[in-house]
Amino acid sequence: MKEQKRYIFIGKTLFFPKEKIWVIGDLHLGFEKMLRDSGLDIPLNQFKYVQEEIEKTYLNIKTKFGKPEKIILLGDIKHHYSFEAEEKKEVEKLLRLLKEYVEEQNIIFIRGNHEKNDKYGKYIDYYNVKDIAFVHGDREFLEIYDKKINLIVMGHLHPSVTLRDEMKVKNEKYKCFLVGRYKKKDFIVVPSFLNFTEGVSANEMNEMMDNNFSIIPNSELSNFEVFICGQIGEESLDFGKLKSLE
Amino acid sequence: MTIIKKAKERETKDIVAILHPLVREWFFSRFKDFSLPQKYGVMNVWERKNTLISAPTGGTKTLTSFLSIINYLVMLAEKNELENKVYALYCSPLKALSNDIHKNLLEPLQEINKLAEQKGIELQEIRVGLRTGDTELKERAKQAKKVPHIFITTPETLAIILTTPKFIENLKAVEFCIVDEIHALDNKRGVYLSLTLERLNAVSVIWPVKIGLSATIEPLEEVAKFLVGEAKEREVEIANVQFTKKIDIAVLTPVENLVEDRNVSHSMYSLLNRLIKEHKTTLIFTNTRSATERVVDNLKEKFPTEYGEDIAAHHSSLFKTHRFSIEEKLRKGELKVVVCSTSLELGIDIGFIDLVIMLGSPKSSARAIQRLGRAGHKLHETIKGRFLVMDRDDLVECCIIQKEIIEHKINRVQFPKNCLDVLSQQIFGMAIANNWQVDQLLETIRKSYCYKDLTKDDFYSVLSYLSGEYGLEDSHVYAKIWYDKEKKEIGKRGKLARVIYLTNIGTIPEESFVAVKLSPSGEQIGYIDEGFLERMKKGDVFVLGGQRYLYLYTRGMNLYVKAGVDRAPTIPSWFSEMLPLSFDSALEMNRFRQLIRERFEKKETEREILEFISKHLYVDENTGRAIYSYFKEQFNYFEIPDAKTITIERYKAEKNYILVSSLYGRRVNDALSRALGYIMGKYGNRDVEMGISDNGFYFAGESLDIEKAFKELKVENIKEILEEAVNKTDILARRFRHCASRSLMIIRNYKGVSKSVGKQHLKSHFLLASVKKLSKDFPILREARREVLEDLMDINNAKLVLSWIKEGRIKIRAKEVHLPSPFSLNLILQGHTDLLRIEDKQDFLKRMHELHLKEIGARKV
């Protein structure tokens, strides 16, 4: 039998079969509310689609690997910096949904840069399990570089890549995972879960992101491997090093 | 239906007979006799006949419309019978009306008052009030008490006051309603006004006599119906008064040989410089904003000692204050030359211009006449205009347009029909004013010329949208009206309804603008269109306000740039704002091509053909020779595509090309090519690259069976195919955003905060995707599709061309070529316009992945 992989990409999420840890990237709940406040008078039903996708992904994991024991949310769960009533409702809805899968104390909320102001009291800066550290990725913590840590999992960057065809006319953007090595640690950057935006293409990264934007500088990212998210139930696609797509 | 008649020219003595002695004395103290438009129009207004007056700019139209009204009000004022109500409405799409109104209304009234004083005649005060979006609250309150007898306003403000219960009382007995600048209303603003006028008619207890003023425009019958609406009891007379001024026009080429001379651009600037120096004030039209900048840039650079403060660029991306200061300088005669895109075509008096230059084809005869009308603003001066052409297609086109001007062939305009976004906004406004019975509402709307064929289905779908029926899944959707299906009644809903309506009214699409800022200081230089930004990438050099800038990066809705760049601009011409060639001018060109082709086929001598060209196009021999050799090359190489022939060339280079020469203007070609491309793409399940121009279109791709596609495309299925084809395009997304804004789905001003659409960082794609999830038949989505197919493209004339193909009037001729023929070379050179997305995003991903694996595999070996 083939040796089981340490981690698996399932849709836009990451799963550790041995530890039974399910990792979900930036959700930005409340993005829709922001649009509505700026005068957009149509329903986008953000939460509905988030819920559908989480349910589908969960079922897929359950059938293939059994029930997850822990769910880690990698920060930026909500969109607004301050706490909006609407968002609170949505975060609670999310919590209710996830509680159907694991017990509440096994849902880990990592603090993102959108969660500076934590009335909730749930957020933590980082979370270490065995040799894996989970962080949002905007700030560094000594603890994640501890000797016993081999792998750092982060969100924050919303990575995606743009593919161009031979005619150089067609452009399509896809969310992806970035996997690489930096500061003698393995890194996995998880894409955002939010389904509105595909973020800034990593292979078109410009000055919009300065080097202080995340804990990994841009120049290092170009050596990372690109795995474009597959549909749920399909495998992610290896596109080689990011710099080969530039 | 509405009856249309021709107005008659009246005798001076008959007009004099109706004038009050004071008005008569005033008029003849200023003028010797009535002008031609006045002889046609003044009596008509006096007799209270609906009248459309079409005459060139610089005429005396405005006074024509006001003279009888002034006369009537003076009579009432003398008898002390003036009431506290609006007698006459004057509505113009231009905001800067004050100059014209001052000259043609305020001055006459002042002078008549002075005359009356001298004679000891006591007159009641005749009040004139101006109301636009900028009018202050204090002034508005004053107008509500002391109601202006003559009320000057814009289409949007008129709609607002028709929603204000107090003011409606003052509008119930309006006797005259003047609509100025109708020729600028063949768009959604016009559609909007036509409904507003029906709202006015609906509240009126008497018929407000309609007086329409228009520059040269065709077809006048349709414009007349637009003015008075479509109903049994309505009648309108047309006064068509054409140029009495002499026109001096010519087509100029900067070099003898447009093909071989490599210095076309340099010579053009020398010629421009010479023309500018020979005249007092020159106005140059360039068609695009980017070209406007380029011309100013080049003139300054090539002739640094000639141009300083007296040259200016004028286009709509510049700051408003900057534009006003240029217009002011122009009026004061402080400028030697102004270069504009299309922004100075309309309205406002811009002072003395003795030469109009059109760089590149103006694309239609009506537009050309409008531009020429900016020269020699006094009534009897000669109008001087020059076309400057850069390539041979342009040369032929300008010669044809010149011919149309000389022979008074004016291209026809079309008003958009059944626009559901405008309808939504208006029904919302009508519901705010009062409750409506649904049948009565539909009847009122159908009297508008632009909605005479509105279907019940469309009408009810708009009511469904406005009453929130589409938002069933989510209670967030804010219903704008209530709709009681049992009582068949509608009315406004919610406390904020009026505020939302008043602050979001109008139809001008809100293009988002991106602020251009210097890096790192952040100093703001100006704005560019979001669409323009989409075409640029990092490192591009572009021109704004006559200066070159390097694209560094964007952050939010700001573009950061570096100034003082030496490199030449890299940004290509801007397709999105290119003016389309009018269908009528295209047909005229096809006829000319056919005439030349027949002469070649009959083996006429060069001399004979040259003579024919000179006579037919009113051009000199040099110009004629250039055209002759262009046509001869084409004839010898392949075939001349003409009124009876569409040619197809199959050409293999780094890609497989299909070049189709179909000279029907880019709006028709847009429709034809997208439909054909979509059919071909479906066969191969691959995307098709395409380029569109006025003269034809090209495709590039892997498997392209154009003949099969031509057989499959028919009058009956083109609409369906196009709707599929545009479904995933950026154009639809963008147009949808505009429609969503007009129908108040996107509220620009909400709860007192004004936010530009762009600032919200939301791409129209989100909107579109979410609406598609709601319903494919969502009325505003259908409107966006209609706008793309009918207003942006021209599906109706595309159908006409398809029917000609079916009847055999047009033959399709195909050939393999080693090189593109002279006529189709420009098709390729202009580059691609768009990509038809056929292939699914996931399929594309897998295909790219396979390619990538091969590449990785190859590298490893």
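Student: How many helices and strands are in chain B?
Tutor: Chain B has 32 helices and 30 strands. These are DSSP runs numbered from the N terminus, with helices being H or I of at least four residues and strands E of at least two. The model is predicted, with local features needing pLDDT of at least 70 and side-chain atom pairs counting only at pLDDT 80 or more, while totals for chains, interfaces and linings use all residues. Residues are numbered from 1 along each chain as its sequence is written, and chains are lettered from A and ligands numbered from 1 in the order in which they are written.

Student: What share of chain B counts as buried?
Tutor: Of its 861 residues, 46% count as buried. Buried means 20 or more other C-beta atoms within 10 Å of the residue's own, exposed means 12 or fewer, and partly exposed lies in between, with C-beta atoms placed from the backbone.

Student: And which domains does chain B have?
Tutor: The assignment gives domain 1 (3-240), domain 2 (247-406), domain 3 (420-503), domain 4 (513-577), domain 5 (592-637) and domain 6 (645-844). Such bounds come from an automatic or database domain assignment.

Student: Where do domains 1 and 3 of chain B sit relative to each other, going by their centres?
Tutor: Taken over C-alpha atoms, the centres of domain 1 and domain 3 of chain B are 31 Å apart. Their contact takes 18 residues from domain 1 of chain B and 15 residues from domain 3 of chain B, where contact means C-beta atoms, placed from the backbone, within 7 Å.

Student: Which element gives the largest share on the domain 1 side?
Tutor: That is α9(B), with 8 residues. The residues on this side of domain 1 of chain B divide into 10 nonpolar, 3 polar and 5 charged. Here Ala, Val, Leu, Ile, Met, Phe, Trp, Tyr, Cys and Pro count as nonpolar, Asp, Glu, Lys and Arg as charged, and the others, Gly among them, as polar.

Student: So how do the axes of α9(B) and α16(B) cross?
Tutor: They come within 10 Å and cross at roughly 30 degrees, which makes α9(B) roughly parallel to α16(B). Axes are lines fitted to C-alpha atoms, for helices over the stretch in contact, and angles run from 0 to 180 degrees between N-to-C directions. Under 35 degrees counts as roughly parallel, over 145 as roughly antiparallel, 65 to 115 as roughly perpendicular and the rest as oblique.

Student: Which residues make that contact?
Tutor: From α9(B) they are Lys188(B), Val191(B), Tyr192(B), Leu195(B) and Arg199(B), and from α16(B) Val422(B), Gln426(B) and Met430(B). By class, there are 5 nonpolar, 1 polar and 2 charged residues.

Student: What about α15(B) and α21(B)? At what angle do they cross?
Tutor: Their axes come within 10 Å and cross at roughly 105 degrees, so the two helices are roughly perpendicular to each other. Among the residues in contact are Ile400(B) of α15(B) and Phe592(B) of α21(B).

Student: New topic: where is the cis peptide bond?
Tutor: The bond joins Glu218(B) and Pro219(B), with omega about -10 degrees. Pro219(B) lies in the loop between β7 and α10 of chain B.

Student: Is each of them buried or partly exposed?
Tutor: Lys20(A) counts as partly exposed because it has 16 C-beta neighbours inside 10 Å. His158(A) has 21, so it counts as buried.

Methods. Contact = placed C-beta atoms within 7 Å.
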